[in-house]
Amino acid sequence: MHHFTFRDGELYAEDVSVKAIAQAVGTPFYLYSASTLQRHIRVFDQSFSGLDHLVCYSVKANSNLAVLRLLAQEGAGADIVSGGELFRALKVGIPPQKIVFSGVGKTREEIARALKAGILMFNVESLGELRVIAEEARQQGQKAPIAIRVNPDVDPQTHPYISTGLKKNKFGLSVEKAYEAYLQARQDPYLEIVGIDCHIGSQLTQVEPFVEALQRIKLFLQRLEQAEIKVRYLDLGGGLGIVYGQEDPPPPKEYAEALKRTLEDFTGTLILEPGRVIVGNAGILVTKVLYVKEGAEKRFVIVDAGMNDLIRPALYGAYHEIVPVRSTTDQTEVVDVVGPICETGDFLARDRELPKVNPGDLLAVMSAGAYGFVMSSNYNSRLRVPEVLVYKNKFYVVRQRERLEDLVAGEEIPDFLR
Ligand SMILES: *Cc1c(COP(=O)(O)O)cnc(C)c1O
């Protein structure tokens, strides 16, 4: 459920006309709905009511400060994967005690900063990382709270680039290695075992892989218990999918119920790291048609947003629904919607039946709130686009469009070329 709806044939975000925003800020731009974000985080959180749980929003899905602040105000914690995300999470006032730190390549500096901040736990992904965390903790004269990320080897049945819980993936430790890691951690006076973690992938549209992963984690916990290792936190990661087109993912309630049933007698706190399911359908990308071009075999709608602004179609072959911001005709045609970038992979849609459009028309690329702006780049020296947040009948520019000076900030021509 989201708050992007048509009124008299014109697209509105909550109570604001999308066209009016486009006139004010220019195109392209990302547009988020605050009421949708609120609704999503509340529905997700309430699905787990009755269970001791903590929702740590996965910052990488959309890390705009305004989005983070809204979620923080709703009581969400944060799942971070870098020092930059730690900086953002702290900046918006997320309590360190609600922050978990994931990722296979945490640097010593990032680890040191997270330790100083006093985060809830490190989700450790290798024995090497465990050692570095212990060393940093010793230097700071404290104990580092850790969970080991277990790779449960279950198939999430999603796109291979976003599946993370298979043996062949780089993430986590196999059950055997993880056991070894726990034994090592127990011996270390500077490590405190507080949890266990797994995350099997993204855009999952079935509950079964989650349940299977949780079952394997529970078996593993029994083994830990036999070694007298107890954990307080069971972090099941994120990954719940959303509707982009024809998908039929389980609603949060169904997902939560399945997990509750599988958890049974677990007495600690369940941690969840949802990203996409919170922000995905709370955002759109608004772009303008520049040209309509008849190719030899295809008709191209060339728009002012490219793969540098939204890379998901190019990277994963992802589907995003595209709708005209103002519907003017019932006539449709099959087109490729492409950007201005000099790459054949630069498309937003291929062989798509769309209402006939003309230069100057606005198009909305739907479900672009997750892994949209955050994955954007300056490729082709294009300015990164603004992010706008709508709440009820007002809109706020929550990130300015970049300026030409931003493009070259930090670049320098060395003396010998002057
Ligand atoms: C990306 C990621 C998430 C969020 O995944 P979604 O599919 O957006 O819910 C959660 N946890 C970890 C460790 C991740 O890498």
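**Sheet, ligand site and backbone geometry**

Colleague: How many bridges join β1 to strand β2?

Modeller: The model is a predicted one. Strand β2 covers residues 10-13 and runs antiparallel to β1. Within this pairing, F4 stands opposite A13 in β2. The number of bridges that join β1 to β2 is 4.

Colleague: Which residues come nearest to the ligand?

Modeller: There are 15 residues around the ligand. This shell divides into 2 nonpolar, 8 polar and 5 charged residues. The space taken by the ligand is the largest pocket. Those that come nearest are K60, S202, E273, R276 and Y371.

Colleague: What is the distance from an oxygen atom of the ligand to an N or O atom in the side chain of S202?

Modeller: Several polar atoms of the protein face the ligand at listed distances. A polar side-chain atom of H199 lies 3.5 Å from a nitrogen atom of the ligand. A polar backbone atom of G239 is 2.8 Å from an oxygen atom of the ligand. For the side chain of S202, the distance to an oxygen atom of the ligand is 2.3 Å.

Colleague: What percentage of the accessible area that the ligand has on its own does the protein cover?

Modeller: On its own, the ligand has 390 Å² of accessible area. The share of this area that the protein covers is 94%.

Colleague: Is the peptide bond from T27 to P28 cis or trans?

Modeller: P28 is placed in the loop between α1 (18-25) and β4 (29-33). Omega of the bond from T27 to P28 is near -10 degrees. The peptide bond is cis.

Colleague: What value is phi of D153 near?

Modeller: D153 lies in the loop between β9 (144-149) and α7 (175-187). Its phi is positive, in a residue other than glycine. The value is near 55 degrees.

Note on methods:
Residues numbered from 1 in each chain as written. Predicted model: local features only at pLDDT ≥ 70, side-chain atom pairs only at ≥ 80, totals over all residues. Heavy atoms only, no water. Pairing = 2+ DSSP bridges. Helix = DSSP H or I, 4+ residues; strand = E, 2+ residues; numbered from the N terminus. Near = heavy atom within 4 Å. Polar contact = N/O pair within 3.5 Å; in protein donor to acceptor, adjacent residues only side chain to side chain. Areas by Shrake-Rupley, 256 points an atom, 1.4 Å probe, with all protein chains shown as cover. 1 Å grid on protein atoms, 1.4 Å probe; cavity = no way out; pocket = protein on both sides within 12 Å on 5 of 7 lines; lining within 4 Å. Sits in = over half its atoms within 2 Å of the grid points. Nonpolar A, V, L, I, M, F, W, Y, C, P; charged D, E, K, R; others polar.
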